[in-house]
Amino acid sequence: MTLNQLTAHEIINLIRKKKITTYEVMQDIFNQIDKVENSIKAFLILNREETLKQAKEIDAKVKNGEEIPPLAGIAVAIKDIIATRGTETNCGSKILKGFIPPYNATVINRLKKAGAIIIGKTNMDEFGMGSSTENSAFGPTHNPWDLERVPGGSSGGSAAAVAADEAFIALGTDTGGSIRQPASLCGMVGLKPTYGRVSRYGLLAYASSLDQIGPITKDVTDCALIMKVISGHDNMDSTSVNLEVPDYLKSCQEGIKDLKIGVPKEYFIEGIGSEVKSTLDKALKIFEKLGAKIEEVSLPHTEYSLPTYYLIATAEASSNLARYDGVQYGYRAEDHEDLSSMYQKTRSEGFGSEVKRRIMLGTYALSSGYYDAYYLKAQKVRTLIKEDFDKAFSKYDILITPTSPTPAFKLKEKVLDPLTMYLSDIHTIPANLAGIPAISLNCGYSKTNLPIGLQIIGKHFSEETILRAAFNFEQNNDVGKRKPSIKPAKYKEVAE
Ligand code: GLN
């Protein structure tokens, strides 16, 4: 076993006991990257030299008897939609190729202060728009469990990097499921925090009222650990909430006896895979065995989540993406006659087709004459969806659902059919619309050895409870922890 295969908390323990050095850890990480990255393609940028330099600095401090920072030795991968000072941040888009932010996102500063090392930036669907990472301008990422399948998206690079043991922890962003769905398809843990729990300063905006940054990790303990570091109020983000950050690790230790669990019947729709359903049923029995009470619950407006989301998200995106005009950032088209032809050519050449589709949809929904019928209506339905949850949480502590209707699908299977692709997020979108936290963790495998995820949804700022429920399940299930066996040779044949 090499060090990169361990979890972050195992590495932290070994470093504290001075059994290993940060340099050794980073060497194992980059050995793995050299071995598998060609087949996975999780990263857009790797900071190899900087990583090894920082590792040596940490080791020197430890040798001098200085205090060991809490995340020393932890290699973190960052979705390329989060600003990193001095390192290109392009959101998987040609339009931001070459953009080097002059500042760090708040989450980056918090990670660095805790001693984590940012090893690189991960691939993603352009501006977070997609569920398979196939909408990246720089080519798709492959699922480590089966290289012919997608890792999910839009944070597919982040989920694949952690699943392939190329990083211990990754940050993703979740507007409609982009942390939880790829975590599920890659067998990892992914948490979308409550809106306002983690600062969005330095997150390049897709849909501002839905976007949240959160972790993708190998287990629930690592998720709790990193949430403690990145959460909390930030003056630079006016939507971040000034609430104390609980000790998530401590609350995991408590049991779940008497926890009341609701299982929303609307999530077990037609189209949900039979293996997903039977695996989830088995998982629910484990929660029951641990003392939780389980009942069916109804969230009657669930069926409107998808259309509501695609109106609100595209409306906000059309406004947020107006800033990419060739003037201030990244790409500018050549051969233009005047200012407006420069805008037009830059945006035509710089954006991919899914981004263009959404800008058109969103502009239409916001246009005068249609605003009331589409955007305003969607906002009203959003309130109804939130009220469904409020009602459910007056009776239940958490809700449990599948994360994704199916395990990882094949590359190219859905990319030409946007509506089918949109259905991938049917179970994750409602939590974004309501602004509530939700975590996905592995609860089993398909017959073909693909991971299946379970989602736990909680009320606003109840990350403690969903982490506790997830931790208890993780410790007591009989699923068994598997690692993907990455078979590069097989993929090459297929790729030709
Ligand atoms: N797949 C959804 C979309 O395309 C969600 C994306 C996300 O959460 N960033 O909008």
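**Entry 1: a helix inside the chain**

I began with helix H10 and found that 14 of its 16 residues are buried, so this helix is largely enclosed by the rest of the structure. I keep in mind that I am reading a predicted model. I then checked the length of H10, which covers residues 305-320: at 1.5 Å a residue its 16 residues should span 22 Å, and the end C-alpha atoms are 22 Å apart, which agrees.

**Entry 2: the chain as a whole**

I counted the elements next, and the chain has 17 helices and 11 strands. For overall size I looked up the radius of gyration: a compact globule of 496 residues would have a value near 23 Å, and the chain has 22 Å, which agrees. The C-alpha trace spans about 65 × 55 × 50 Å along its principal axes. How much of the chain is buried? Buried residues make up 61% of the 496 residues. The accessible surface comes to about 20,000 Å², and 51% of that surface belongs to carbon and sulfur atoms. I also looked at contacts between residues at least 6 apart in sequence, and 76% of these join residues at least 24 apart.

**Entry 3: the sheet**

What is the order of the strands in the open sheet? I traced it as S1-S3-S2-S4-S6-S5-S10-S11-S9-S7-S8, a sheet of 11 strands with mixed pairing. Strand S1 (43-46) and strand S8 (293-297) are the edge strands, since each pairs on one side only. Neighbouring strands of this sheet are turned by 30° against each other on average, with direction ignored. Helix H2 (residues 22-40) packs on the sheet, where it touches S1, strand S2 (75-79) and strand S3 (117-122), and the direction of H2 makes about 15° with that of S3.

I stayed with S2, which is mostly covered, as five of its five residues are buried. In a regular strand the side chains alternate between the two faces of the sheet. In S2 both faces are covered, with Ala 75, Ala 77 and Lys 79 buried on one side and Val 76 and Ile 78 buried on the other. S2 and S3 run parallel and are joined by five bridges; I picked out Ala 77, whose bridge partner in S3 is Gly 120.

Is Ala 116 buried or exposed? At 4% relative accessibility it counts as buried, because the cut-off for buried is under 20%. Leaving aside neighbours within four places in sequence, Ala 116 is in contact with Gln 54, Leu 71, Ile 74, Val 76 and Leu 111. I also noted the separation of Ala 116 from Leu 441, which is 325 residues in sequence and 23 Å in space, C-alpha to C-alpha.

**Entry 4: strands S5 and S6, and the loop between them**

Strand S5 (residues 189-192) and strand S6 (residues 212-217) run antiparallel and are joined by two bridges, and I found that Val 189 has Thr 217 in S6 as its bridge partner. Thr 194 is found in the loop between these two strands, S5 and S6. At 0% relative accessibility, Thr 194 counts as buried. Which residues does Thr 194 touch, not counting those up to four places away in sequence? I listed Gln 212, Gly 435, Ile 436, Pro 437, His 460, Phe 461, Ser 462 and Glu 463. Finally, I looked up Thr 194 against Val 107, and they are 87 residues apart in sequence and 15 Å apart in space, C-alpha to C-alpha.

Methods
Residues are numbered from 1 along each chain as its sequence is written. This is a predicted model: local features need pLDDT of at least 70, side-chain atom pairs count only at pLDDT 80 or more; totals for chains, interfaces and linings use all residues. Side-chain values use heavy atoms; hydrogens and water are left out. Two strands pair if DSSP finds at least two bridges between them. Helices (H or I, at least four residues) and strands (E, at least two) are DSSP runs, numbered from the N terminus. Axes are lines fitted to C-alpha atoms, for helices over the stretch in contact, and angles run from 0 to 180 degrees between N-to-C directions. Contact means heavy atoms within 4.5 Å. The radius of gyration is taken over C-alpha atoms; the globule rule is 2.2 Å times the number of residues to the power 0.38. Buried means under 20% relative accessible area, exposed over 50%, partly exposed in between (1.4 Å probe, protein chains only). Accessible areas come from the Shrake-Rupley method with a 1.4 Å probe; for residues, only the protein chains shown count as cover. The expected span of a helix is 1.5 Å times one less than its number of residues.
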